[in-house]
Amino acid sequence: MTDAPKPFAITLDPGSSRANHTGSWRSERPVYVDRLPPCNAQCPAGENIQGWLYHAESGDYAAAWQVLMQDNPLPAVMGRVCYHSCEGACNRATLDEAVSIHAVERFLGDYALDHGLRPQVAAPPSGRRVLVVGAGPSGLSAAYHLTRLGHAVTIREAGPMAGGMMRFGIPRYRLPRDVLDAEIARILSLGVTLELNSKVADIEAAFAEGFDAIFTAVGAHLAKRTEIPAHAAGRILDAAGFLARVEMGEAPQLGRRVIVYGGGNTAMDVARTVKRLGADDAMVVYRRSRAQMPAHAFEADEAEDEGVMMHWLRTITAVDGAAVTVEKMVIDATGRPQPTGEFEVLKADTLILALGQDADTGFLARVPGVEVAPDGVVGVDARMMTGRPGLFAGGDMVPAERTVTVAVGHGKKAARHIDAWLRGGALDAPERHAPATFERLNTWYYDDAPRSLQAELALVRRQTGFDEVVQGLTEATALYEARRCLSCGNCFECDNCFGVCPDNAVIKLGPGNRFRIDYDYCKGCGLCAAECPCGAIEMVPEIG
Amino acid sequence: MLKQIEGSQGMAEAIALCRPQVICAYPITPQTHIVEGLGAMVKDGRLSGCEYINVESEFGAMSVAIGAAAGGARAYTATASQGLLFMAEAVYNAAGLGLPIVMTLGNRAIGAPINIWNDHSDAMALKDAGWIQLYAETNQEAADLHIQAFRIAEDLSCPVMVCVDGFILTHAFERVDLPTQAQVDDFLPPYRPVQRLDPANPYSIGAMVGPEAFTEVRYLAHQKMIDALDVIPRVAAEFEAAFGRAAGGLVRPYRTEGAETLVVALGSVNGTIKDVVDAERAAGRAVGSVSIGAFRPFPLAELNAALAGARRVVCLEKNLAPGLGGALASNVRMALRGQAPVHTVIAGLGGRPITRAGIAGVLAAAAQDALDDLTFLDLNRPVVEAQLLRAAGLRESGPIAENLLKALNPGRVERVSPRRMQE
Amino acid sequence: MTETQKVRFYQTGTHTVGNRLMEAESRTVQASPERSNAITSGHRACQGCGEALGARYALDAAMRATGGRMVAVNATGCLEVFTTPYPETSWQVAWLHSLFGNAPAVATGVAAALRVTGQHDVRVVAQGGDGGTTDIGFGCLSGLFERNDDVLYICYDNEAYMNTGVQRSSATPAFARTATTPATGPHPGNVAGTGKNLPRIAMAHEIPYVGTASVADLHDLEAKVTRAMAIGGARYIHIHVPCPLGWGAAAHDTIRLARLAVESGLFPLIEAEHGEVTAVKPIRRRVPVEDYLRPQKRFAHLFRPGHEDRATLAAIQATADANIRRYGLCPEGQE
């Protein structure tokens with residue numbers, strides 16, 4: 001080419017339009033936000049489910065587990081026994097099926113046990129001592145979190161083994177004991193002192209020993225009874241006591257036919273255990289219909305699969321030796337069961353009452369300021385502290401749903417408040433983000449991906465032994481399942497905003513650093529917000 | 001090398017010697033033989049390093065040439081008449097983008113009525129498209145002008161149209177002296193574009209320009225033409241030095257010394273005019289002529305100098321600006337600044353022969369100051385009178401008085417002549 | 001291959017622009033901070049312009065496919081006007097604009113020049129809107145096709161002459177309101193002819209490659225551009241680019257509308273080589289045409305409250321159904 005100048009005005013230098021700042025056209029600006037995904041919002045244990053799935057998606061299971069462990073010290077247990085209400089809230093259910101969060105959690109929990117992973121404990125020792133009363137899920141959780149916060153923790157457990165209802169209420173075919181033992185051992189290995197067969201009867205005495213705070217989580221073990229006219233004494237047991245004895249290797253004689261009275265998860269566990277102990281007939285009698293039972297559907301399904309017979313809408317009115325008289329019930333317009341006057345007689349060698357438990361909190365009755373309800377439930381404030389300063393409580397003994405997950409959540413929450421209280425302040429909890437609703441998602445970007453199913457043990461083995469029924473996921477399926485997460489409300493760096501901006505006004509900041517809007521050029525068209533799969537961009541009006 | 005050769009073939013040979021790299025071909029009489037000749041040379045390998053592209057229209061032809069020139073190649077095409085008009089948008093565009101395309105225009109009339117024969121209507125239609133327009137008098141000059149055209153175009157980054165009279169030059173067999181490849185290579189260096197599409201230097205060519213700069217762009221286009229007034233004679237001089245014969249340039253006076261009447265014309269008709277001049281001079285009449293070699297840019301000063309001293313100027317031109325007269329005369333009047341009267345003689349439209357007798361008649365009338373400002377040479381007046389009469393008879397509308405007059409005097413027709421307009 | 005690479009990233013499949021977990025080569029060009037940005041910021045396209053997006057998508061993909069050895073030719077139209085008003089240009093690739101109707105021929109000339117000057121590695125992409133392509137440039141385009149010149153021609157189809165104020169083109173869909181087909185009288189909107197299906201006309205030329213693409217499916221679009229750049233000769237890609245202004249739609253709906261056009265069957269995504277269809281992109285989540293039409297004011301006359309034009313809607317649905325049948329856009333069991 002010659003050195004002659006380029007034609008005036010007709011020929012222009014590349015990219016010179018960057019001198020034209022089109023941001024002045026804008027009436028709305030896109031802003032990146034984080035919203036609370038429904039799974040996290042729902043989790044009684046306060047897990048950052050989306051947070052750990054994010055790491056699991058990339059195959060970094062150790063990192064995922066560490067995020068999990070920030071909230072829950074028992075992932076392998078929880079992945080098995082949690083009723084995963086998170087999955088009921090999961091936005092993916094609207095698209096196809098919920099992400100199998102519990103299965104991935106279990107995979108991570110097992111992965112950590114297999115690989116000997118240990119939680120990160122960073123806080124320096126505080127010099128404070130905290131007593132935890134009860135080594136159930138709530139107490140263990142509190143002990144773990146308090147230890148991580150730098151406090152010296154002693155657990156006193158009245159029973160001979162740690163685990164509480166995880167051990168004495170949940171049959172081992174749902175929760176193998178080696179898993180439970182390993183996760184408890186890992187908590188203890190952080191420096192927690194466990195004193196077994198050590199019942200705390202006097203709280204004030206315990207304070208006098210030098211504990212700066214006490215967390216009680218003694219559970220609810222006292223079986224509820226019902227008035228059943230017994231003409232000739234049949235064999236009647238209570239569910240909690242029965243399961244505990246089975247766990248201790250003291251299985252009672254049941255006979256060939258067993259009736260379990262109740263419709264909760266415990267009733268299903270008992271019936272299934274009975275079946276495994278060799279009974280010919282395991283029957284569940286419940287006064288309402290299946291639709292109204294408190295047990296989770298899958299528990300009833302699995303029980304039925306294993307041959308448990310269900311007698312819905314029946315009330316036991318009399319027991320006369322092996323003859324158990326039941327009255328048929330109907331559900332009235334208000335949803336309550338009403339007697340019909342029609343009766344049947346069932347044959348049973350043993351009747352096991354699974355009607356719920358009350359808390360055994362008599363030892364707190366004398367503590368000044370502590371409120372104990374007639375059913376033993378103890379009142380706590382928003383910090384989980386009782387009326388006695390420094391005395392906290394959680395788990396089944398406080399007003400809440402009684403699940404392992406809730407108990408673990410109580411333990412964490414109490415630990416954080418105890419920590420704040422010990423440091424003389426209040427817990428500075430971050431404000432919750434607004435919910436990440438399904439409507440905010442742009443689901444076209446998510447591929448159809450049906451949920452992966454967990455394999456189950458062969459039926460014959462389920463009916464004859466206590467091997468774990470539900471199998472874990474392989475790494476590939478766990479990864480697949482993790483990758484079904486929609487990342488609702490939180491940027492997962494899919495590059496959509498970076499790609500769809502017609503004005504190149506989105507700057508990609510590199511892995512882990514997300515994006516930034518270049519407001520010099522952003523015209524405010526809103527395409528980035530509209531095409532963000534997970535709803536992590538909002539358009540806000542420009543002011544002035 | 002001397003060849004007895006068809007004009008089109010001579011031009012094709014000369015163009016091939018200029019090593020065009022992209023040739024776009026679309027047939028239209030009378031330029032077709034040129035691109036046919038070039039096509040044969042590309043096909044048989046005599047012209048190598050050249051892409052010969054058969055396009056779908058003249059619009060396509062000029063567009064391909066635009067792309068080729070912007071892509072950094074020496075581009076050539078040829079057209080005529082309707083074809084030039086069909087590509088008109090692209091003709092303007094090539095000039096606007098400053099692309100040194102060379103195009104042969106085989107001058108031909110424009111329809112309707114459709115007419116394949118020679119006149120300058122096509123060239124005049126696009127005289128202000130921003131192209132340099134060169135006119136050839138002879139087949140030799142037609143060949144030589146192409147060699148100069150590439151030099152001029154590339155020196156200025158401005159497209160050049162070489163106008164050659166259809167059939168009269170394109171189809172006539174004459175002796176043409178064709179230079180050697182080495183001679184042309186010495187005269188015409190390889191194409192070095194001012195700008196081209198280059199991935200390594202990715203500027204944008206062809207921006208939209210608004211009121212804030214459009215006038216300046218246009219001014220610069222005009223200035224480029226003014227520069228061409230220097231470049232064209234310089235290249236012609238260099239050509240003469242290199243090849244030993246004169247060709248091109250802005251104006252070519254013939255026996256103008258002492259002439260009372262000077263005839264001005266474009267293209268091949270200058271040959272006939274010179275014959276008439278020779279005859280007139282032999283008869284003792286002070287007549288000369290000026291052939292205009294470059295109509296755009298228009299050589300105002302050079303023409304003024306060439307015409308100085310004449311008592312009158314007669315523009316013999318092969319185009320009609322209906323309602324006005326002739327484009328050439330209009331331009332010549334501007335050069336002459338009223339120093340002498342300029343008569344327009346419209347001649348040779350649609351291929352009508354321009355004879356020595358006809359020109360001599362014009363000169364005789366001029367010498368007696370009996371030549372109208374606008375004359376149609378050899379007009380078959382009875383034919384047009386009859387048609388005008390019929391048209392008048394058919395007219396049903398108009399003022400009542402006029403219709404009455406028509407009814408009373410059926411043989412009489414009122415019509416407006418250019419002369420009356422000037423009054 | 002590690003376990004993480006074997007398992008598809010089902011979180012988003014392959015539909016998002018990028019994905020932190022996919023191998024870099026499986027992500028789109030647009031996911032890369034190293035993309036060419038053939039059109040850069042500061043251009044004057046309307047908010048949410050589909051054509052600005054489509055052109056960057058296509059040319060960035062072509063730039064990657066050619067290793068940056070590419071030049072572009074542009075027809076007159078929105079794309080040209082909003083990118084190159086003096087004194088600024090948004091282009092960062094070598095770019096030439098000549099006229100409205102001659103981009104294919106100019107591209108032919110550029111390709112010839114590159115060939116004859118020995119720059120065999122430099123490829124030419126020509127581009128224009130639907131007016132410049134299906135109407136005024138059609139003759140030159142057909143010439144480009146039949147000569148099989150080495151040019152990829154891309155039509156950004158926004159279904160009317162938008163630059164001049166939304167007048168009908170031969171790519172305007174039946175019944176659509178434009179400035180020259182107003183929604184008045186007994187037959188409101190565009191004439192219910194068949195329009196001009198340029199991809200099929202291109203196929204009739206039996207050129208090496210024809211593809212249709214949408215700004216709503218970036219992976220598909222880039223794959224088609226990449227495929228086209230791997231082939232020599234004349235290639236044609238027709239990209240559907242919604243125009244918020246001309247269609248009377250919200251700026252943030254540009255991609256959504258493009259997606260609905262595809263998912264309804266009104267804009268089939270296909271590929272053809274030498275005149276034969278070689279691949280179709282199946283519809284993932286089929287929607288009725290109403291879902292696509294209703295958000296656009298140019299079809300508002302079909303949805304007047306209480307006077308919905310069911311007959312016309314049925315006719316448009318029939319067009320979509322015919323496309324679905326013709327190309328088999330809904331695999332077995334989904335239709």
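The model is predicted: local features require pLDDT of at least 70, side-chain atom pairs count only at pLDDT 80 or more, and totals for chains, interfaces and linings use all residues. Residues are numbered from 1 along each chain as its sequence is written, while chains are lettered from A and ligands numbered from 1 in the order in which they are written.

Chain B contains 16 helices and 16 strands. These are DSSP runs numbered from the N terminus (helices H or I, at least four residues; strands E, at least two). The radius of gyration of chain B, taken over C-alpha atoms, is 23 Å. Along the principal axes, its C-alpha atoms fill a box of roughly 80 × 55 × 45 Å. Of the contacts in chain B between residues at least 6 apart in sequence, 79% join residues at least 24 apart. A contact requires C-beta atoms, placed from the backbone, within 7 Å.

Buried residues account for 53% of the 423 residues in chain B. A residue is buried if 20 or more other C-beta atoms, placed from the backbone, lie within 10 Å of its own. In helix α1 of chain B (residues 7–17), 11 of the 11 residues are buried, so the helix is largely enclosed by the rest of the structure. Among them are Gly7(B), Met11(B), Glu13(B) and Leu17(B). Arg19(B) follows α1(B), with a positive phi near 50°.

Chain A is divided into domain 1 (21–35 + 491–541), domain 2 (40–221 + 359–434) and domain 3 (223–356). The bounds come from an automatic or database domain assignment. The centres of domain 1 and domain 3 of chain A, taken over C-alpha atoms, are 59 Å apart.

Notes. A residue is buried if 20 or more other C-beta atoms lie within 10 Å of its own, exposed if 12 or fewer, and partly exposed in between; C-beta atoms are placed from the backbone. The radius of gyration is taken over C-alpha atoms; the globule rule is 2.2 Å times the number of residues to the power 0.38. Two residues are in contact if their C-beta atoms, placed from the backbone, lie within 7 Å.
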